[in-house]
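The tour goes stop by stop, with a note on what to pick at each one.

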Amino acid sequence: MEQALQTMINNMPEKTGKSLDQWKSILKKKAFAKHSEAVNFLKKEHGVTHGFANTIVTLSKDENNSDDDLVTTQYIGKETLVPIYEKLISVVENFGDDVTITPKKTSVSIIRNRQFVLIKPATKTRIDLGLKLPNKPTTDRLGDSGPFGTMCTHRVQITSVEDVDTELIGWMKEAYELAD
């Protein structure tokens with residue numbers, strides 16, 4: 001378990017008034033259709049802050065297999081990256097109806113006929129965006145695929161929404177077109 005998450009769990013009784021197990025017990029008595037409904041319940045009915053509420057709900061589920069749960073879990077402790085993730089998703093959704101967004105445990109694959117983009121929260125302050133652009137030379141910004149290995153040919157490190165600019169969107173669109 002990531003140390004930051006464990007620290008959050010350890011601090012939960014002091015910060016929220018209840019242990020994780022106590023919160024799990026409260027949530028088991030309710031039926032929420034969506035993750036956000038459970039988070040909002042904890043925030044409104046129990047005064048729990050968003051970060052703790054999100055963590056409690058995520059850890060309360062027996063299995064985190066829905067797409068929303070997989071993405072939510074990736075961004076625990078990295079909530080500041082969510083606007084970047086959402087911007088990237090909005091960009092690729094506009095490429096066409098043939099785009100499939102496939103969340104996995106640690107990343108999100110963007111697929112046309114094959115994967116062309118991979119979104120991975122790499123650190124608390126950075127998303128690594130993998131691109132499949134065969135035969136395209138690397139630059140200072142459009143780097144080698146690094147930890148992505150053969151899944152992608154290039155990697156762009158993104159630390160703010162402003163990094164999702166015309167140049168980056170152009171590379172994403174190019175990767176989309178090559179995935180036909």
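## Stop one: the aromatic cluster

Select Phe95, Phe116 and Tyr176: together they form one aromatic cluster. Bear in mind that this is a predicted model. Four aromatic pairs are found in the structure.

Start with Phe95 and Phe116. Their ring centres are 6.5 Å apart and the planes meet at 40°, so this pair is tilted. Now colour by secondary structure. Phe95 is in the loop between helix H6 (82-93) and strand E1 (100-103), and Phe116 is in strand E3 (residues 115-123). The pair links distant parts of the chain, 21 residues apart.

Move on to Phe95 and Tyr176. This aromatic pair is tilted too, with 5.3 Å centre to centre and 40° between the planes. Tyr176 lies in helix H7 (residues 166-178), while Phe95 lies in the loop between H6 and E1, so the pair ties together parts 81 residues apart in sequence. Both Phe95 and Tyr176 are buried.

## Stop two: charges over rings

Arg112 lies over the face of Tyr176, at 3.9 Å from the ring centre. Then jump to Trp23 and show Lys18. Lys18 lies over the face of Trp23, at 5.3 Å from the ring centre.

## Stop three: the cores

Return to Phe116 and show its surroundings. Leaving out residues up to four places away in sequence, Phe116 touches Val92, Phe95, Val99, Ile110, Ile111, Gly130, Leu131, Lys132, Met172, Ala175, Tyr176 and Ala179.

Which residues have the most contacts inside the largest nonpolar core? They are Leu88, Phe116, Ile119, Leu131 and Met172, in a core of 30 residues. Select the contributing elements next: H6, strand E2 (108-111), E3, E4, E6 and H7 each supply at least two residues. H6 gives the most, with six residues.

Now go back to Trp23. A second, separate core has 17 residues, including Trp23, Ile26, Ile56 and Val57.

## Stop four: salt bridges

Side chains of opposite charge can pair when their charged atoms come close. How many salt bridges does a search of the whole structure find? It finds six.

Arg141 forms a salt bridge with Asp165, where the closest N and O atoms are 3.0 Å apart. Arg141 sits in the loop between strand E4 (126-131) and strand E5 (143-144), and Asp165 in the loop between strand E6 (154-158) and H7, so the pair ties together parts 24 residues apart in sequence.

Check the surface here. Arg141 is partly exposed, with a relative accessible area of 24%. Asp165 counts as partly exposed at 29% relative accessibility.

Arg141 also forms a salt bridge with Glu167, with the closest N and O atoms 2.7 Å apart. This pair links distant parts of the chain as well: Arg141 in the loop between E4 and E5, Glu167 in helix H7, 26 residues apart. Glu167 has 43% relative accessibility and counts as partly exposed.

Next, pick Arg126, Asp128 and Arg155. Salt bridges that share partners join these three residues into one network. Zoom in on Asp128 and Arg126. They form a salt bridge, the closest N and O atoms being 2.7 Å apart. Both Asp128 and Arg126 are buried.

## Stop five: after H7

Finish with Asp180. Asp180 is in the segment after H7. Its relative accessibility is 59%, so Asp180 counts as exposed.

What does Asp180 touch, not counting residues up to four places away in sequence? Its contacts are Arg112, Asn113 and Arg114. Draw the C-alpha to C-alpha distance to Arg112: Asp180 and Arg112 are 6.5 Å apart in space and 68 residues apart in sequence.

Methods:
Residues are numbered from 1 along each chain as its sequence is written. This is a predicted model: local features need pLDDT of at least 70, side-chain atom pairs count only at pLDDT 80 or more; totals for chains, interfaces and linings use all residues. Side-chain values use heavy atoms; hydrogens and water are left out. Rings of Phe, Tyr and Trp (its six-membered ring) pair if their centres lie within 6.5 Å; planes under 30 degrees apart count as stacked, over 60 as edge-to-face and the rest as tilted. Helices (H or I, at least four residues) and strands (E, at least two) are DSSP runs, numbered from the N terminus. Buried means under 20% relative accessible area, exposed over 50%, partly exposed in between (1.4 Å probe, protein chains only). A charge sits over a ring if NZ of Lys or CZ of Arg is within 6 Å of the ring centre and within 35 degrees of the ring normal. A salt bridge is a side-chain nitrogen of Lys or Arg within 4 Å of a carboxyl oxygen of Asp or Glu. Contact means heavy atoms within 4.5 Å. A nonpolar core is a set of buried Ala, Val, Leu, Ile, Met, Phe, Trp, Tyr and Cys residues joined through side-chain atoms within 4.5 Å.
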